[in-house]
Amino acid sequence: YNKQIGNNVIDKNPRNINWSAGLLKCLDKKLTITFSKSFIKYAYYRPFTKCNLFWEKHIIERRSRFDELIVEDNENIIICISGISNTKEFSAFISNGFVDFHFNGDTQCFPLYYYEKQDTTQQSLFDTDKETYTRRDGITNFIYEQAKQLYGNTVKKEDIFYYVYGFLHLPAYRAEFAADLKKSLPRILLVDEPKKFWQISKAGRALAELHLHYEEQPAHEGVNVEGDDCGDFRVTKLRFASKTDKSTLIYNDKIRVTNIPARAYEYVVNGRSPIEWVIDRYQVKVDKDSGIENDPNAWGREHGNPRYILDLILSLITVSVKTMALIDSLPEVKFG
């Protein structure tokens, strides 16, 4: 980009640069863009798929409101729903980082917190040049007061946030309002019984903990890995043993994952189980326009774990089975 500044004829070769309307405006203004490693962040491109993101305001021009959600070292977690007019069944997932607009459908995000940037005008002799932010709650005081009246003063806004995540996983809610969830945003009601509120909130918290830390889960008991002593963990394209047999996954020419329980495929995010998301996304592809190779094996190399993809698959089997157990533990809620 910087080499094109001041040129009468700009390079439009897609193997060198991908022009956007905003980037062309920057070029018209002769604005130099500076590279900094601090702009490199991780982001969730699709469920269970992390990528590197160059979070620079001129390169990423459609930033939505993520400048208010993911701010420096400030913590945050975000409920991501599949959005309006999604062709798949409604789904909800949770993130603690940037997510792509199509992360799990036409994704819409609802944060635990958001951050307001403070006026940088120096107020005293002891102020620093560092930008400061004020943390605001994503849960409104209106619903917080209602929850306290129903469930007592011990309830916190965080409890309500996790209640929402648990509520969005209620099978009865998804079945009852399946048509509505394709046309409008979810509407959450507060259950009458305090016991059920706390059951849903605790299950939602457990689901969030499981989904945020999906890479850290141990392998599911009974699942076997054949050939992993070969030392070759490179993936080209994962596949099942057959169209009708999903209990065996062909990892590469040397490694197979066998005895995968059918329960692992019951948990679905935006039309696919976690294992099927890995099959779809974790394969070596070359972009036709740019010629850039997308090699998912590189993530493991960068993070010092060449068997990252294999460990991820084993962890996701556990995530799927545990998720279904938590969903089964949710109390019955009647809608009328």
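This note goes through some local features of a predicted model, from a helix to a sheet, then salt bridges and a surface patch.

1. Helix α1. This helix covers residues 21-28, and its buried residues are Gly-22, Leu-23, Cys-26 and Leu-27. Looking down the axis of α1, these buried residues fall within an arc of 145°, so they line one face of the helix.

2. Which exposed residues does the face turned away from the buried side carry? They are Ala-21, Lys-25 and Asp-28. After the helix comes Lys-30, which has a positive phi, near 55°.

3. The sheet. Three strands make an open sheet with mixed pairing, in the order β2-β1-β5. The edges are held by β2 (49-54) and β5 (98-99); each has a single partner strand, so one side of each is left without a neighbour in the sheet. As a general point, strands of a sheet pair through backbone hydrogen bonds, either parallel or antiparallel.

4. The pair β1 and β2. How many bridges join these two strands? Strand β1 (residues 40-46) is joined to β2 by 6 bridges, and the two run antiparallel. Two facing positions can be found in the structure: Ala-43 is opposite Cys-51 in β2, and Arg-46 is opposite Thr-49 in β2. The strands β1 and β2 form a hairpin, with 2 residues between them. In that turn, Phe-48 has a positive phi of about 65°.

5. Salt bridges, an overview. The structure holds 22 salt bridges. A few of them are taken up here. One is made by the side chains of Arg-65 and Glu-68, at 2.8 Å from N to O. Glu-68 counts as partly exposed, because its relative accessibility is 26% and the partly exposed class lies between the buried limit of under 20% and the exposed limit of over 50%.

6. A salt bridge between two strands. The side chains of Glu-226 and Arg-256 meet in a salt bridge of 3.7 Å, N to O. This pair links distant parts of the chain: Glu-226 is in strand β9 (residues 224-226) and Arg-256 is in strand β12 (residues 256-258), 30 residues apart. Are the two side chains buried, partly exposed or exposed? Glu-226 is partly exposed, with a relative accessible area of 39%. Arg-256 is also partly exposed, with a value of 35%.

7. A further pair and a network. Arg-272 forms a salt bridge with Asp-280, and the closest N and O atoms are 3.5 Å apart. Arg-272 is partly exposed, with a relative accessible area of 30%.

8. A nonpolar patch. Which residues make the nonpolar surface patch of about 220 Å²? The patch is made by Ile-84, Phe-110 and Leu-185. Of these, Phe-110 lies in strand β6 (residues 108-111). The relative accessible area of Phe-110 is 37%, and this residue is partly exposed.

Note on methods
Residues numbered from 1 in each chain as written. Predicted model: local features only at pLDDT ≥ 70, side-chain atom pairs only at ≥ 80, totals over all residues. Heavy atoms only, no water. Patch = residues over 30% accessible without salt bridge, like charges linked within 9 Å, V, L, I, M, F, W, Y side chains within 5 Å. Areas by Shrake-Rupley, 256 points an atom, 1.4 Å probe, with all protein chains shown as cover. Salt bridge = Lys/Arg side-chain N within 4 Å of Asp/Glu carboxyl O. Helix = DSSP H or I, 4+ residues; strand = E, 2+ residues; numbered from the N terminus. Buried < 20%, exposed > 50% of the residue type's maximum accessible area, 1.4 Å probe, protein only. Pairing = 2+ DSSP bridges. Arc of directions from axis to C-beta.
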